[in-house]
Amino acid sequence: MSTEPETTESAEPGKPEDAVRSGTPTDAPEAGKPDAGKADPEGADAGGADAEDAPGTDGSPDTTGTTGADTSETSATSETSETSEPADTTEPAPAEGSPQLSEAEAELLAQKLERERIEQRKAEKKGPIASGTKLSGQAADLLAAVRAVESGEKPVAAVFAEPRPAPRRPAPEPVRRPQPAPAAPAPSDAPAPHTVDGVRRVLTEGSAPEALAPQVAAALGEGAEDLLREDPWQLLRVAGVRPEQADGFARALLGAECRPDDERRARAVTVWLLEQAALAGHTALELSALATALARQGVPDADAAMQATLAEGEALVFQDALDEPGARPGTAPSAPTPAPATPPAPSAAAGDGADEADAEGEQDEAEEERPVRVLVGLERYALAEESLADGLARIVNSLSKEPSPEWEAAAAEASGSTAELIRAVAGHGLVLHTGGEASRAEPAALLTVARGLGLRAVAACHTPDGRRRFAALLGAEDPVVTVPGLLAGTEGPGRDAEGALALDVLVVLDAPQLDVEGAAMIVESLPDGARLVLSGDPAVLWSAGPGRVFADLLAARTCPQVASRTPDPGPLGELVSGVGIGELNQVDAPGKEIVIVPVQDAGEAVHRTVQLVADSVPRALGVPPEDTVVITPGHGGAAGTRVLNAALKERLNPGPGRFGGFDPGDRVAYSPAPGRTVPGQVVGADAEGLHLSCADGAVVVPKERVEQAVRHGWALTAHQAVGSRWPAAVVVLPGDAAQALSRPWVYTAFGRGERHLSVVHGVEQALPRAVAEVTAKPRTTRLPALLRSQVPAAQ
């Protein structure tokens, strides 16, 4: 196999449009019309790129895109000085004629003053923390905003209350596997017609597309019309609307009252930036990154904007203690400084009390100097991470530690990493299992053992295709469900009287695809004493939603980890395994398992892709077009999913697209929720909506949701394809995709084919460079710090 192309692409870039554009009221378009185009149904691909390709390469979003990556303080930041001063420890000058103090008396007086200073500092630590006494600059200002709310100077926001564990939901009726229901939202969730009409009037006055009315009404709820008139920047609550577009809308409604320093704009932009950060995978942003991003969006006073947002309860502020000065979050602390072997002899006049006071003072100073990082995040993700950490601690600590001879006997009959996995699950409530596609046989063996011991054991996969493949390993469909089906109650076991899942062992496959909210829901649903096994390939793309739960747990080392030693077989397994460790190796493929197709430009890439799917792969390998998937880095561009799907439809299923652009027989990618893609096929359409045939059964998509929830599905992004596999995969790498490539993306895309992989190669040396050098982009999360405070590291 050769990975070197003969030519390189010279076509002009067609990079997917970024989800974020910077702008202020002074540079927004005059019309100020928000984009009325269809929203991206795939939450991972906001702005036309995978979530893994979203802005942010250093743990914070990109300053040119979603949010600022520069973690330095902005020039607008005003640092506050220390407001508390230590007690004066200088020796008072004796008055004229007064007796001179002896050396011992003077030392006693100095020690007395030092003890008073220490007591004063202890009292200060027990009382309210004044702004600026522990932190400086923006951190001090944010703490002052929080204290202002707590003291009643500003209205108390409920989000600043101490988070409490979410109560268990009432147990639903244990009726499982109902017939597929239409995908229409519940009537109570749909905005009322009069609300939509009112919003439509406001949008017209602001020169915005009327087509946005249902989305705006759904986002703002009852009273959306009045809210939008009072605060036009609430338009940013609608997915796809950018600040410059909201600025134009506000200018049309407010006229001369529209100013860049309007507090309403500052709050709305702050929340919008946090939402964009969530789309990029972050559950929170560091303070300096958010301040930089606000400045780039034309907010004159970033500090005031963040304070106003916190005071209104639209965001939360956190302090996560770092392990040691200069340490990054998640790093192990260094060994403590040893005490001296022989303590210094005390002064004759000092006494033991002075030594104790000095030691306490030094300890207090060390505690005050312990570094922290200040984070700002949205309430929903903050509470999800805290709930997840609480639930994981409960699972780890609730399982009985008594050894089980039945488990040990089962482990003795197994071998290799399968035996290790069984032994780890026997004695621990939480176990992590890593490995490639072939390693799925190990959790399958574990599930068989658990069910043989009389335990209620269930496996949950990310996609219906993953469920099908895992059920084939077990030889039974019953104990295998999908994660969405398990959480929705349409698959798997019932729930007990407290709302917990009626099971003893839950094995979650494709664990890297769990975001914080999904993981929190799973953990909250487990009863005390249940065992949870998270299994997956850590080299694939992370979740489409915010967080990196599996990677955070692996890094935290709070539970046993079993690494599979079962390699993926064949030339494809060898190629993908090499990519996983940063090597793009030349692999022998005598059965045409791997084919490299060099192309010069995007037009040729599209042509060769259609040729491969429709002619070459079926003729050479006997794989029909419906069993071949096309994967490309983004939706936009000259060889993105839109262009490729149009070309493939014209060749494989031509038609006028009389059902909203679709015809019976079209392959589609249906997104019932952001970040989730279900492959399917169009069956027909009627007054109810578009009828699809999916792996889960029949689905009816209401006509008003077709534009947002359904795409043609011959070509997908890597995030849409993760969790599923096809007999053949064609990966398209046009020249304009070079910047979007990374090792996790290549690993995920190359691993989607079971029997064959064709690479339409137009990126020249960018491919081996991405595999060797471009790793996963960091995500800012709080889970490691939360776990450290609740679960000790596993030995």
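Student: Where is Glu 314 found?
Tutor: Glu 314 sits in the loop between α9 (302–311) and β2 (316–321). Helices (DSSP H or I, at least four residues) and strands (E, at least two) are numbered from the N terminus. Keep in mind that this is a predicted model, where local features need pLDDT of at least 70 and side-chain atom pairs need 80 or more, while totals for chains, interfaces and linings use all residues. Residues are numbered from 1 along each chain as its sequence is written, and side-chain values use heavy atoms, without hydrogens or water.

Student: Ok! Which side chain makes a polar contact of 3.1 Å with the Glu 314 side chain?
Tutor: That's Arg 237. The side chain of Arg 267 also has a polar contact with that of Glu 314, at 3.5 Å. (A polar contact is a pair of N or O atoms within 3.5 Å, one able to donate a hydrogen and the other to accept it; sequence neighbours count only if both atoms are side-chain atoms.)

Student: Switching topic: how many helices and strands does the protein chain have?
Tutor: The protein chain has 26 helices and 19 strands. Of its 795 residues, 52% are buried, meaning under 20% relative accessible area with a 1.4 Å probe, protein chains only. Among contacts between residues at least 6 apart in sequence, 75% join residues at least 24 apart.

Student: Which residues of α19 are buried?
Tutor: In α19 (residues 570–580), the buried ones are Pro 571, Leu 572, Gly 573, Leu 575, Val 576, Gly 578 and Val 579.

Student: What covers them?
Tutor: The cover includes β10 (594–598), α24 (743–750), β19 (753–761) and α25 (766–773). Just past the end of α19, Gly 582 has a positive phi of about 90°.

Student: Last one: which helix gives the most to the lining of the second largest cavity?
Tutor: Helix α17 does, with three residues. A cavity is a set of points on a 1 Å grid over the protein atoms alone where a 1.4 Å probe fits but cannot get out, and lining residues have an atom within 4 Å of a point. At least two lining residues come from each of α11 (379–398), α17 (516–525), β8 (531–536) and α18 (549–556).

Student: Which residues are in that lining?
Tutor: Among them are Leu 388, Leu 392, Ala 519, Ile 522, Val 523 and Leu 553.

How values were computed
On a 1 Å grid over the protein atoms alone, a cavity is a set of points where a 1.4 Å probe fits but cannot get out, and a pocket is an open set with protein on both sides within 12 Å along at least five of seven lines; lining residues have an atom within 4 Å of a point. Buried means under 20% relative accessible area, exposed over 50%, partly exposed in between (1.4 Å probe, protein chains only). Contact means heavy atoms within 4.5 Å.
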